[in-house]
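Let's walk through this model together, starting with a helix and moving on to a strand. Please have a look at it first.

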Amino acid sequence: MPIDSLERLFIAIPGQWERVIATVLMVLVGATLTHLWARYLARGEVISNEKRRVHLVWVRNTIWFVVLFVIISVWASTIAGFALSLAAVAGAMLIVSKELLMCVLGYLYLTLVRPFKVGDLIESSLFSGRVVDIDMFATTLAEYGHAGQVTGKVVEFPNGLLLTTPVKNVSPTGEYVLHLMRVPVPAAMVCDLVSIEDTARTAAELATREWQEQAEAHFRKLANEDFISYSSGRIKVLWDFVDPEHLMLIIRITCPVAMRLKVEQSVFRAIWLEVSRQRSDLGATGWAAPSLMTDN
């Protein structure tokens, strides 16, 4: 019975004080090394905060993995003596703590597949934010809210969620990303599509001029290293006309992740000024924009 096995285990512990002491020492060593590493990174001035966070999480997880491995090795013979009984206990725990097991499996998935890492911006139907910490049971995000703004809140979700919920990595290409702007334009306010396209393209070129050449070189380098045909990174303007009442102007830009909102706002203002000008011209001339749908 599982209860009898636990009683036998407790009775056996007094004869295993060397192993108990070794276990306590290993936990203390792990905690001390983690603390010293964090203090060492805090004193550094050469690397950025984002890289410090990556190093902190990676080294911390490595230290505790080694500590756990050593502790299991120390108690291996004792664990083997209770193998059958522990199997029964493990079966009961598996039924009771299914979510806990899924968290550990989710961490294993993160370690092997690496769908994202500390510093990446990820999105799902439940959350959006930048990854700031990953441990065996949960992942922590600095939350991003509407229009990509940092909310100042922290989102923590169990790693088991990764086994059932799709997660989108917004920054898989590193420093520069391809970003699609979607600007709805009422069809009744449009009389010159070409003029709006030219305005959007010019505004996007001005907003991204500072890094456009570097971004294109960045994507060419990625294509050569990853053997993947990435986009050239050049600006592209398209129309989506699924909704006949509201045309959707789509602008593809290349920019650093942190600059997406600034570029969006600049391009949107230029587009809306052009749309407003066309609307004023329509009112002055009395011309009415033709409907995009005709009656049968």
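The paragraphs below begin with how to read the model and then turn to its parts.

This is a predicted model, in which local features need pLDDT of at least 70 and side-chain atom pairs count only at pLDDT 80 or more, while totals for chains, interfaces and linings use all residues. Residues are numbered from 1 along each chain as its sequence is written, and side-chain values use heavy atoms, with hydrogens and water left out.

Take helix α6, residues 98-113 (helices are DSSP runs of H or I with at least four residues, and strands are E runs of at least two, numbered from the N terminus). What should its 16 residues span at 1.5 Å a residue? The expected value, 1.5 Å times one less than the number of residues, is 22 Å, and the end C-alpha atoms are 22 Å apart, which agrees.

The buried residues of α6 are C103, G106, Y107 and L110 (buried means under 20% relative accessible area, exposed over 50%, with a 1.4 Å probe and protein chains only). These residues cover an arc of only 100° around the axis, so they sit on the same side of α6; the arc is taken from the directions from the helix axis to the C-beta atoms. The face turned away from that buried side carries the exposed residues K98 and L112.

Now for strand β2, where I134 lies. I134 counts as buried because its relative accessibility is 9%. Beyond its neighbours within four places in sequence, I134 is in contact (heavy atoms within 4.5 Å) with residues including Y107 and L110.
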